[in-house]
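This briefing is meant for a reader who is meeting the structure for the first time.

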Amino acid sequence: MKRIRMGLIGAAALGLGFAAMAQTNWYPSKWGPNDEIGAANYMTAATALQAAKLVKTGKVYSLGITVSTTTPAFPPRTCSIYIVQPGQTGSAEGLGPTHTTYNDDILNCWTGIGTQLDGLGHIGVGDRYYNGAKWGEFATIGGLKKLGIEKIPPMVARGVMLDMAAHYGVEVVKEGTAFNQAEIDAVAKKQGVDIRQGDVVIFHTGWLSLIDKDPKRFGSVEPGIGREGARYLVSKGVVAVGADTWAVEVIPFEKDGDKEGGIFGVHQILLPMGGTYILENINTAELAKDKAYEFMFVLGQNKYQGAVQSMINPVAIR
């Protein structure tokens, strides 16, 4: 599979969303001017215990996809793996009298590939990020001084899967289909679930099924959350929003009347404005197959100090 080049704007992905520009009162955070974990504050010992009570069958679902050198990713992201045998090349003698041999690996990857967690230092509005952190003061080539991925506590929460493909009666929801409050509430009501403070909400669209058979389409457009839907989920107090798509938000971006849509405006509403995490390329197929609409969601990300994102393999248990 050839690497795709998505027809967006590359470096302009961090540009201002026109809807976001109009809002200037989103910092400091309601959790205080020094807070660095945003909506993760909604998670408590009580919410973890409530999530654990959802486990009835013990069935475990891996929500991560396998990453390879050909996995489609937002350009210029790439990933390579190198298997090495330090000091052993050309010899099977190994180490010591036991002739121990071993393989090690080196990853040369952007962390925003495959199933991934977007941290609060990923997207900004101009030079301001979550809690008003100024880009030039905290983002350095050697790592973020604030909002690093290592600050996020383990996510143990009630997971809710909204099956948008079933709602529309299709295998794959059409690109450009926006999920806003009306759609979110309709699917939740149909499935008999509600969205609560402290939840992780994941959308199933069938889009991930295109990653191998039509990578160009997969990585250039998608169905997803609209701006109003993002604000609605933030108002509900969810910890994270995810989908089986590469950006979670609807692309082509929503228009504002006759104006072009803002670039990654939903990312701006969720991350810097709402402190709400984004989970991309979530493997929802088995959840949808089993009609697993409610489950215990567990995630412990790689804690690279000062990192922006993390490749992840979250788990659902029901």
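In this predicted model, the largest nonpolar core holds 67 residues, and those that touch the most other members are L117, M155, L162, F203, Y277, L279 and F297.

**Strand β9 and its neighbours**
- Strand β9, which spans residues 200-204, is mostly covered, with 5 of its 5 residues buried.
- Burial extends to both faces of β9, with V200, I202 and H204 on one side, and V201 and F203 on the other.
- Strand β7 (residues 155-163) pairs with β9 in the parallel sense over 5 bridges, and F203 in β9 is the bridge partner of L162.
- Strand β11 (residues 240-243) also runs parallel to β9, joined to it by 4 bridges, and A240 in β11 stands opposite V200.

**The second largest pocket**
- The second largest pocket has a volume of about 340 Å³, and of the 21 residues that line it, W26, V234, M273, G274 and G275 lie nearest its centre.
- Helices α8 (227-236) and α9 (265-273) each contribute at least two residues to the lining of this pocket.
- Sorted by class, the lining of the second largest pocket comprises 11 nonpolar, 8 polar and 2 charged residues.

Note on methods: Residues are numbered from 1 along each chain as its sequence is written. This is a predicted model: local features need pLDDT of at least 70, side-chain atom pairs count only at pLDDT 80 or more; totals for chains, interfaces and linings use all residues. Side-chain values use heavy atoms; hydrogens and water are left out. On a 1 Å grid over the protein atoms alone, a cavity is a set of points where a 1.4 Å probe fits but cannot get out, and a pocket is an open set with protein on both sides within 12 Å along at least five of seven lines; lining residues have an atom within 4 Å of a point. Grid points are joined across faces, edges and corners, and a volume is the space filled by probe spheres set on the points. Ala, Val, Leu, Ile, Met, Phe, Trp, Tyr, Cys and Pro count as nonpolar, Asp, Glu, Lys and Arg as charged, and the others, Gly among them, as polar. A nonpolar core is a set of buried Ala, Val, Leu, Ile, Met, Phe, Trp, Tyr and Cys residues joined through side-chain atoms within 4.5 Å. Buried means under 20% relative accessible area, exposed over 50%, partly exposed in between (1.4 Å probe, protein chains only). Two strands pair if DSSP finds at least two bridges between them.
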